[in-house]
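Here is a short briefing on one protein model.

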Amino acid sequence: MILFLLNNKSYAVEKGFDDKNINVLKVLIDEYNIQDYKIKYFENDKINFDEADIIMPMGAKVTKKVLLKDIGINKARLNYYYSDLFGAYILPTFAPGFIFKSTDSFIDMQKDFERIELVGTDVNYDPEYYTFLDPEYCAKCINNLNNNYNRLVMDVETSGLEWQEDFITELGITHEGDKSLIIPHELLENKKVQTALDKLFKNEQIDFVWQNGKFDSKFLIYNYGFEVRQDEDTMLQHYTTDERRGTHDLTQLSQLFLNAEDYSAKFKAMIPKGGSYADAPAGPRREYLAKDTSYTDKLNKFFDTKMTEDNQYLYENVLIPISNMLTDVEMNGIKINQQHLKKLDKQMSEEIDELRNKLQYLAKQAGWTPDNYIKRTGSKSKPDDFNPNSYPQTFDIMFNIFNVKKHEDRKSADADARKYWLNKVLEEGTLPYKFVETLSEFKKVKKIHSTNVDGFKKHIKPDGRVYTDFLLHGTVT
């Protein structure tokens, strides 16, 4: 039996909106066809916890009381717990009424109801792993994988995020159950091992499974020339069911759907300050990699059971092919015409200087001086001249000298406010109008220069190209 626990001192109850709470809850109960359940309020003394197999505390306050610890609901709901006190599993989720403040919470509640069937599942959180030391034995085992397996889960750990500059510390392979094979950097550099891996990746009879495989593929292709492809990707699988940004991280998915601990935080605590994964102890790093591949394996199999026919079509025919194509696009990079970039830099820098000088002239025309600015605002630093990049100085001239009407009752001079003043408040040709018009042009040119000139200059590699990431899973339709 599932016991849904609500808070009888919630805002919804106190304001008489409790029927909305119950209606939202019953929609979820019906959607997931839950038959054996009870709905209770925590403060009532007559709750019989002995009847419940699963308790779902709904909302932060009830969750803290049931778990007997101070924990935020966003963190608490990432796992479920077994309580000896109540003799039941605890699966926290949001209060039903919270969806009227945050619509995203309803999606999370659906996920939590979906996880009810997983509660109490026996999961091995400590996979076995074997680290190769002998290159000949490693190559022999890779050839064995090539001849006897049609599905392999792969992952790499790297010294950083730049595939052209950083290196692979280990390659991990989960081939069966909770067993992982670890190939360290030294063996990846061995010709016999490279030959065996080259044959493995060329085998079209094997399905290669990844989590964010585009990242791993670029390292393997660039460093060793392997013909790596992504046949399955748990990140993209999850993306078909939840388009929201920030929801596809492997650790987070492992917590939600496998009830794993936050193993990533535990491992990262071992990395020296300012260091990378390569600076962490080899043993914990390999244990972490084994969990990555093992959990990816489990998630892939779980997501297979949850994807609708439409999701499966999108995943197989759109996302996976595009992910492989984008790997090539990202590695090819974009050639930058640096001569033209220098020309643009010179032209736009001169235009920015001209607009800044014009703004300083218009500010003086309006009576703005450094001394008066200090008197009006109490600023501790005295400027030499009007600075259009300074928000306090811009606010001073707009609201203290020109006395413009606030846009949406906000003391802001952003793009929306400037459009409002130019189109609906200020008279064309007046000093305030000329100032705002020039300020808008200054901001526009400076933004284009910062993003498309300085921005490119910072990222041009020695070969004259810019290499970027196309976040397929970051698109919200």
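Is Cys141 buried or exposed? Cys141 is buried, because its relative accessible area is 16% (buried is under 20%, exposed over 50%, partly exposed in between; 1.4 Å probe, protein chains only). This is a predicted model: local features need pLDDT of at least 70, side-chain atom pairs count only at pLDDT 80 or more, and totals for chains, interfaces and linings use all residues. Residues are numbered from 1 along each chain as its sequence is written, and side-chain values use heavy atoms, without hydrogens and water.

**Cysteines**
- The whole structure holds 0 disulfides (a pair of cysteine sulfur atoms within 2.5 Å).
- Cys138 is in no disulfide; its nearest cysteine sulfur belongs to Cys141, 7.0 Å away.
- Cys138 is buried, with a relative accessible area of 0%.

**Largest pocket**
- Its volume is about 1300 Å³ (the space filled by probe spheres set on grid points joined across faces, edges and corners).
- A pocket is an open set of points on a 1 Å grid over the protein atoms alone, where a 1.4 Å probe fits, with protein on both sides within 12 Å along at least five of seven lines; lining residues have an atom within 4 Å of a point.
- The lining has 48 residues, and Leu161, Asn212, Phe215, Asp216 and Asp469 are the closest to the centre.
- α9 gives the most to this lining, with 5 residues (helices are DSSP runs of H or I, at least four residues; strands are runs of E, at least two; both are numbered from the N terminus).

**Around Phe470**
- Phe470 lies in the segment after β13 (465-466).
- Phe470 counts as partly exposed because its relative accessibility is 34%.
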